[in-house]
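Reader: Please take one part of this model and go through it closely. Where does it sit, and what does it touch?

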Amino acid sequence: MRALNRKIGKATAAGLIFLSLFLGFQAFTLRGGPCEEALGRCFDDVFIQAFASFGIVYCGIGFAFCKKYIDPAE
Amino acid sequence: MNMRRIFMGFLFAALVFGQAHAAGGGGAIRKVSLEEVLSIGGLEDQKLFQWTGVATDGAGNIYILDAMDYSLKKFGPDGRLLKKAGRKGQGPGEFMAPRLLACSGERLYATDQNVFGIYVFDRELRFLEKIPCPSLILALAALGDGRLAVAVMGMASPGKVMVLDADGRELSAFVPAGGPGQGILMDSMSLAQDKDGQFYVAFLFRDSVEKWTREGNRLWSKAFLGQKKIATTEVQSLALPSETCFKDVALDASGHVFVLGGKLSKHPSRDVYVLDKYGALLATFTLPDPSHCLHIDSRNYLYARANDGITLKKYRIIYD
């Protein structure tokens, strides 16, 4: 049972890290939809702001994959 | 004599009908159901952590990209882990965010979310090369003889479908845009190609499944969700689609089109719409668990996700 709990905890943590990696961040908070939240943080990144059109694609593809793979409302 | 002629005529008609049905994704299907035949990964083992892409070869081996493990894994037809390759990194054969996977002949093709290119491995998971691609890749299909089809995100222009040769040179391209709901990310799509070289495109944020010729002519466009306008959310003054329509498209061996519905389906990420090659809806069925993708192998086994990506399920497709 303890091993199962450990696996569930590990899987949950893994999922959270996975979500943050979608948009290249170290962490995220769940204030709105997590994909929208992560996208907003991606746009805030200084590096991304320096390359506007690339930033939209870079962040946008993360948003699309996030919606496809792990939209929590589903 | 007449009876013999009638019998021979009947036999001939039956043969012709049977051939047409087998080759053309005929419309005789009324019901589709699934029978689970294999499950890989679970809470009690360490086989999969968050799988993203799946592909199969002619021998029944199953290849899986595991995003949490930054790896490509090979499983035998019985579900036994045979080999694992890759690690976190940006070097040859390494992954930061593995996403899409396809297999053709002896080669496996894998994408990483933020990499402009396609990684090529052999079936023993040895890294061979990276095929360059000018844009980030949203969808991938291996077309045989080394050619690949990719759906890419546009920078300042709409996304497009490109056919690349084995060296990454663009052979042809078309822009499947023009339907309802234009705007940022509205061209996010999945794609599949049939034996005639024609493309099926399912849009992630648009209630539209379309068929295109390889020259870029749209043959048909169908909507199945009754959504004329997709809800949007504003993020930093950009209106972004907030609900998904179709998550993936795949073809069975007879050319039937399987489209996985997204959040706007009755059963989000579980409803599958089965179409014939003309876009007519033949049947719908519901996956036991939500999935982000569908894969159908050459023997008509369907692969989908369970347990939020910890498990991959293999099903036999049953046609009635």
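Author: Ala141(B) stands opposite Ala149(B), which belongs to strand 11 of chain B. The model is predicted, so local features need pLDDT of at least 70 and side-chain atom pairs pLDDT 80 or more, while totals for chains, interfaces and linings use all residues. Residues count from 1 along each chain as written, chains are lettered from A and ligands numbered from 1 in the order written, and side-chain values use heavy atoms, without hydrogens or water.

Strand 10 of chain B pairs with strand 11 (residues 147–152) in the antiparallel sense over 6 bridges (strands are DSSP E runs of at least two residues, helices H or I runs of at least four, numbered from the N terminus; pairing takes at least two DSSP bridges). In this hairpin 2 residues lie between the strands, and Asp145(B) has a positive phi near 40 degrees.

Strand 10 (residues 137–144) of chain B is largely enclosed by the rest of the structure, because 7 of its 8 residues are buried (under 20% relative accessible area, 1.4 Å probe, protein chains only).

Strand 10 of chain B also gives the most to the lining of the largest pocket, 7 residues (an open set of 1 Å grid points where a 1.4 Å probe fits, with protein on both sides within 12 Å along at least five of seven lines; lining residues have an atom within 4 Å of a point). That pocket holds about 1,200 Å³ of space. Among its 49 lining residues, Ala192(B), Gln193(B), Leu251(B), His295(B) and Ile296(B) are the closest to the centre. Other elements supplying at least two lining residues each include helix 4 (52–70) of chain A and helix 1 (2–24) of chain B.

How values were computed: Buried means under 20% relative accessible area, exposed over 50%, partly exposed in between (1.4 Å probe, protein chains only). Grid points are joined across faces, edges and corners, and a volume is the space filled by probe spheres set on the points.
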